[in-house]
Amino acid sequence: MMTLNAMVKESPRRLSKQLAECVPAEWPAPDHVHAFTTIRKGGASEGNYDSFNLALHVDDQPSAVISNRQLLKDIFELPAEPVWLQQNHSNCVIAADHFDHVAADAAWASSKNTVCAVLTADCLPVFFTNKAGSRVAIAHAGWRGLLNGVISATFSAMKIEVDDCLVWLGPSIGPDVFEVGGEVLQLFTDKNKATLASFRQKDEKHWWCDMVQLARVELNQLGIGQVFGGDLCTYTDKENFYSFRRDGNTG
């Protein structure tokens, strides 16, 4: 899939009337911090991209994507255009309210009316805020991003204390369907032995990988204890989510 995950810091406004079009973050964030993941329904895209595709780089009709992005702003009453990133599974983090480039996999903001966003297609969106809601961030964390330390890089960029940090883990591919080769296991365990518990062996050459658990390992080692979400699988819920691993050519 490619669903948008947006974090909005603005004047207080509830998202209750739009709940049918998104998965709202369930975490104890301040009322003026809005965090959600869109679902795939209700847009202009057709075919494999049916229908609320927000990504311009997946061979969808550009006019449909532009229409969907405008619909996103209208339905959710976004105060500004989301800062769309050129994602490449890195650990690069930008300041969304003062950025001078968009080649990154995470963004943070400390200014009102800023919309941080990532696009995901099975990868894990990781949302951050401090308890006052004066700093927010979001990271695009596939297995390569997790290996590259995008979570730690995002937290570091926010310059907040661990006890002041709240995290919500959005929808991603689940641990019972995400198959990887032994080389992926080796890369993680060579870097951090604690990640071994995030893998279950399928056969001699393949393993089931739990990306949410990998994220929790890193967050725990950072000292961040207030972590929520992580229980929605994009691969098994075709009605609501795009999944690259399931469909290949997708939104």
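Mentor: Let's start with a term we will need: a residue is called buried when its relative accessible area is under 20%, and exposed when it is over 50%, with partly exposed in between. Keep in mind that this is a predicted model.

Trainee: Which residues of helix α3 are buried?

Mentor: In α3, which spans residues 150-158, they are Val150, Ile151, Thr154, Phe155, Ala157 and Met158.

Trainee: What puts these residues on the same side of α3?

Mentor: They cover an arc of only 160° around the axis, and therefore they lie on the same side of the helix.

Trainee: What comes just after α3?

Mentor: Lys159 does, and it takes a positive phi of about 55°.

Trainee: Why does Asp74 count as partly exposed?

Mentor: Its relative accessibility is 49%, so we set that against the cut-offs. You will find Asp74 in helix α1, residues 62-75.

Trainee: How do you know that both faces of strand β5 are covered?

Mentor: Look at each side of residues 106-109 in turn: Ala106 and Trp108 are buried on one side, and Ala107 and Ala109 are buried on the other. In a regular strand the side chains alternate between the two faces of the sheet.

Trainee: What is the order of the open sheet of three strands?

Mentor: It is β10-β12-β11, with antiparallel pairing.

Trainee: Why are β10 and β11 called edge strands?

Mentor: Each of them, β10 at 179-181 and β11 at 199-201, pairs on one side only. On average, neighbouring strands of this sheet are turned by 40° against each other, direction ignored.

Trainee: Which helix packs on the sheet?

Mentor: Helix α4, residues 182-191, touches β10, β11 and β12, and its direction makes about 80° with that of β10.

Conventions:
Residues numbered from 1 in each chain as written. Predicted model: local features only at pLDDT ≥ 70, side-chain atom pairs only at ≥ 80, totals over all residues. Heavy atoms only, no water. Buried < 20%, exposed > 50% of the residue type's maximum accessible area, 1.4 Å probe, protein only. Helix = DSSP H or I, 4+ residues; strand = E, 2+ residues; numbered from the N terminus. Arc of directions from axis to C-beta. Pairing = 2+ DSSP bridges. Axes fitted to C-alpha atoms, helices over the stretch in contact; angles between N-to-C directions. Contact = heavy atoms within 4.5 Å.
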